[in-house]
Amino acid sequence: MIKKETAARETEAVSIQWFPGHMTRTKRQMEKCIRLVDAVAEIVDARVPVSSRNPVLHKLIQGKPRVILMNKSDMADPEETKRWLQRYRDQGTPAIAVDCRSGKGLNSFVPLVREVLRDRIAVWESKGMVGRTIRVMVVGIPNVGKSSLINKLCRGGKAAVADRPGVTRENRWFSIGKGFELLDTPGVLWPKFEDKLVGEHLAFTGAVKDEVVDTETLASRLLETLVEVAPHALCERYRLEESSLSEKPGYELLETIGKNRGMLMAGGVVNTERAAAAVLDEFRSAKLGRITLEQVEE
Ligand code: G4P
């Protein structure tokens, strides 16, 4: 559960029923794939570390060693990311912050996986399997950066490994050198959005496509969330008065932003649809700065 930040506000949380792809099939496919790998690399979005994790993944991976990659860390608050990394490590899961667009942090990936598999590697070596290929399954929600990770680790051209059991069009192996292979999975990972805020946070970051949500309501809710987690950045970007921020419902903030930006229609009416698109786009491209929407709870 995510803490509700905006209890006293007027805009209702956006209800999102979004089922990315065929989950039963994916679940079955993942259960099959898990037998083919030595470890799992779970990618989460560093801006929404709770919402971007799949609640049933631990069941699917059946106790396989796992590492967490906090991706898009270039857009998240670095201090929050540090706290999350510590939390994962305290819970016994090694984790690193990465930026799969630039490749930052990815040098630590192979050593991290080797470290979690240290005992297993020692057993292989004792049985004469020195330099045995290590196979890792990459999982994560849509848009979290799975393809970017694989592309970066393959250094440009995707080096697909073709003739391997269990290879389908949607699930392929990639050799990244150093005796490592990655298994790409479709990464479609939800039972349902039980917590409205999960769906909403994923819509804020763009993991859920805008076609399934009302963008003006979504932008209003995003503004209310930003009042709680990043009021200074919000005021600076949109020339808002910080003192009046907390009383205003998100839709009013949206109107003010539209007005300040000169987004007016005939008769001086603010074009809130345009303002909503601008707010969502600017948040998603980190124009308001590096913001983490979900903090580690004490
Ligand atoms: P997926 O396979 O998990 O679905 O995700 P994918 O790699 O396609 O990444 C989804 C989007 O997120 C892409 O942007 C990608 O460039 C971006 N992305 C991935 N990792 C990072 C990161 O660490 N930092 C930032 N800032 N962005 C990242 P796109 O707009 O869909 O494509 P493009 O603009 O890169 O062409």
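Predicted model: local features only at pLDDT ≥ 70, side-chain atom pairs only at ≥ 80, totals over all residues.
**View 1. The shell of residues around the ligand.**

View 2. At C100, a backbone N or O atom lies 2.8 Å from an oxygen atom of the ligand, and at V144 a backbone N or O atom lies 3.3 Å from an oxygen atom of the ligand. For R101, by contrast, the atom concerned belongs to the side chain, where an N or O atom is 3.2 Å from an oxygen atom of the ligand. Taken on its own, the ligand has 700 Å² of accessible area, and the protein covers 64% of it.

**View 3. Strand β2 and the two directions of its side chains.** Strand β2 runs from residue 66 to residue 71, and six of its six residues are buried. In a regular strand the side chains alternate between the two faces of the sheet. Here R66, I68 and M70 point one way from β2, whereas V67, L69 and N71 point the other way, and the residues of both groups are all buried.

**View 4. The neighbours of strand β2.** On the pairing with strand β1 (residues 39-45), six bridges join β1 to β2, and the two strands run parallel; within this pairing, E42 stands opposite I68 of β2. Strand β3 (residues 95-97) is also parallel to β2 and is joined to it by three bridges, with A97 in β3 as the bridge partner of M70. Between β2 and β3 the chain passes through helix α3 (residues 78-90), forming a β-α-β crossover that is right-handed.

**View 5. Two loop residues with positive phi values.** K178 is placed in the loop between β6 (172-177) and β7 (180-184), and its phi is near 55°, a positive value in a residue other than glycine. Because its relative accessibility is 55%, and exposed means over 50%, K178 counts as exposed. R239 is placed in the loop between α9 (231-238) and α10 (250-260), and phi of R239 is near 50°, again a positive value in a residue other than glycine. With a relative accessibility of 59%, R239 counts as exposed.

Definitions and conventions:
Residues numbered from 1 in each chain as written. Heavy atoms only, no water. Polar contact = N/O pair within 3.5 Å; in protein donor to acceptor, adjacent residues only side chain to side chain. Areas by Shrake-Rupley, 256 points an atom, 1.4 Å probe, with all protein chains shown as cover. Buried < 20%, exposed > 50% of the residue type's maximum accessible area, 1.4 Å probe, protein only. Helix = DSSP H or I, 4+ residues; strand = E, 2+ residues; numbered from the N terminus. Pairing = 2+ DSSP bridges. Right-handed = clockwise from strand over helix to strand, strands pointing away.
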